[in-house]
Amino acid sequence: MGDRPYRVAVVGSGPAGFYAVGALLACEEPRFEVDLIERLPTPWGLVRLGVAPDHPNIKAVSRAFEKIARAPGFRFLGNVEVGRDIRHQELVDHYAAVVYAFGAQTDRRLGIPGEDLPGCWPATAFVAWYNGHPDFQGLEFDLSHERAVVIGNGNVALDVARMLALTPEELEPTDTTDAAIEAINAAGVEEILVLGRRGPVQAAWTPVEVGELGELAGADVLVDASDLRLDAASERELEAAAPTVKRNIEHLRDYAARPPLGKPRAIRLRFLVSPVAVLGDGKVEAIELVRNELVDGRAVPTGEREIVPCGVVFRSVGYRGTPLDDVPFDPESCTVPNSGGRVLADGGEPVPGLYCAGWIKRGPTGVIGTNKKDATETVALLLEDARSGVLAHGSDASVVDGLLGARGVRVVTQEGWEAIDLAERSAGEPRGRPRLKLGEWESLLAAAGLDGAPR
Ligand code: NAP
């Protein structure tokens, strides 16, 4: 096998990417060197740009990523987009293996009339905006109407509802962008209506997130007791359900029993309703809903409809993977076809040297920690392939550097990212905030020491 390390490219620096890097660099025989390639100038994916800013404990997982980045053999290549700056085939040619961990880049759609009216947003765009994602800072959310609607019963829906409900005091110690803090503080929103197409037992959210709604300083949580009356099948489902589902229901029953305290905002949770149309003349003015009943666990519309006035709608019905360059892709599942993380070609056979991990491997489910097991499984197969001689060693690092250099790509190295990190933390410190994020591409590149004309 020899001493020469295998050079691996991991594409995407979110949790799945970092856990894959960690597993590779922890291996002593054979040894690996890893280039972590990232489209943005900053690492950590949804830990930086998706996790809600008022959840600093969840964001703290980035310390584990920082530790991985200090391991010998690690390089960060930020501001490098596969398909634009370097092609899939070039990665295949120059690395022993490529691990794709680029996540789910877009959102699922509802497929209803009015979905594209101004004011009807994917929740993912709102999340990226308040978290300082440089592609989303130009967006303007009109939060002046007294009702905002959030569609979906997952944790992202709860993040969006909660962020809209935070008080200035709750927002201030977070790393929410200044523009978002200003907009949320100034919002006219009084009710945030969260809609589930199925019942409370079938909701996808988790108990910690449901429970913390009840602790918001500036918002009551409103649940109608009649919405918690379960049909016989849901009763049975609850009986057999995981403890997390039971705790969700306990929280909801508690909310239904609580008298509202007249806080300035309210989060209202409703169940068994689906949007059928977003209505409005040139912008969102209302949403039309249909009442559902559960049949074999599925939401089936009844004839009962209602129109609810609102000024903004966030559809929070899940993320969706998108294809990349010439990498195999299954349009049905919106994932890279794979077996345990080995990428499969059209005929179903593994493509030597090609792997995937995280949401693009299994779909947009699970919590951050889920990606550790997922990435470790992928790396175990990569190791097996290296040991059985399936992998070449890959070109010297200077070859890829030469390619990127010749194309004028301004690569943000680990040092460059650390300079961004320091600049953001230093700006936040005097204001008692973890960081003030740089939200513009050019200011990020400048902070990384990469001044100069954009390509
Ligand atoms: P999710 O958990 O898959 O939830 C999607 C929700 O949208 C479900 O309630 C689903 O209902 C609903 N939905 C789907 N299509 C719909 C439609 N056409 N009409 C109405 N409702 C529809 O997705 P997510 O909230 O985007 O979260 C993604 C992942 O990140 C999850 O694993 C989540 O737990 C995780 N996450 C975790 C945290 C945290 O730990 N704090 C925070 C954010 C995200 P059905 O069940 O009926 O399909």
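User: Let's start with α1. Which of its residues are buried?
Analyst: This is a predicted model, and buried here means under 20% relative accessible area. Helix α1 covers residues 15-25 and is mostly covered, with 10 of its 11 residues buried. The buried ones are P15, A16, G17, F18, Y19, A20, V21, G22, L24 and L25.

User: And α7, is that helix enclosed or open, and how many of its residues are buried?
Analyst: Going through α7, you find A157, L158, D159, V160, A161, R162, M163, L164 and A165 buried. The helix is largely enclosed by the rest of the structure, because the buried count is 9 of the 11 residues.

User: Which helix gives the most to the shell around the ligand?
Analyst: The shell itself is made of 22 residues, and the closest are N153, R197, R198, E209 and G366. The top contributor puts in 3 residues and spans 155-165, which makes it helix α7.

User: How far is the polar side-chain atom of R198 from an oxygen atom of the ligand?
Analyst: The cut-off for a polar contact is a pair of N or O atoms within 3.5 Å. For R198, a polar side-chain atom sits from a ligand oxygen atom at 2.8 Å.

User: How much of the ligand does the protein bury?
Analyst: Start with the ligand taken alone, which exposes 920 Å². Of that area, the protein buries 80%.

User: Where does the ligand lie relative to the domains?
Analyst: The domain assignment gives domain 1 (6-105 + 321-411) and domain 2 (107-319). Both give residues to the shell around the ligand, so the ligand lies between domain 1 and domain 2.

User: How far apart are the C-alpha centres of the two domains?
Analyst: The domains do touch: 16 residues of domain 1 are in contact with 19 residues of domain 2. Their C-alpha centres, though, are separated by 33 Å.

User: Is D385 buried or exposed?
Analyst: D385 sits in helix α14, residues 370-387. Leaving out residues up to four places away in sequence, D385 touches R342, Y355, V390 and L391. Its relative accessibility is 9%, so D385 counts as buried.

User: What does T124 touch, beyond residues up to four places away in sequence?
Analyst: T124 belongs to helix α6, residues 123-130. At 17% relative accessibility, T124 counts as buried. Setting aside residues up to four places away in sequence, it touches D107 and Y319.

User: How far apart in space are P328 and D346, C-alpha to C-alpha?
Analyst: P328 is in the loop between β15 (319-320) and β16 (338-339). Not counting residues up to four places away in sequence, P328 touches V336, P337, V343, L344 and L354. P328 and D346 are 18 residues apart in sequence, and their C-alpha to C-alpha distance in space is 7.5 Å.

Note on methods. Residues numbered from 1 in each chain as written. Predicted model: local features only at pLDDT ≥ 70, side-chain atom pairs only at ≥ 80, totals over all residues. Heavy atoms only, no water. Near = heavy atom within 4 Å. Polar contact = N/O pair within 3.5 Å; in protein donor to acceptor, adjacent residues only side chain to side chain. Areas by Shrake-Rupley, 256 points an atom, 1.4 Å probe, with all protein chains shown as cover. Helix = DSSP H or I, 4+ residues; strand = E, 2+ residues; numbered from the N terminus. Domains from an automatic or database assignment. Buried < 20%, exposed > 50% of the residue type's maximum accessible area, 1.4 Å probe, protein only. Contact = heavy atoms within 4.5 Å.
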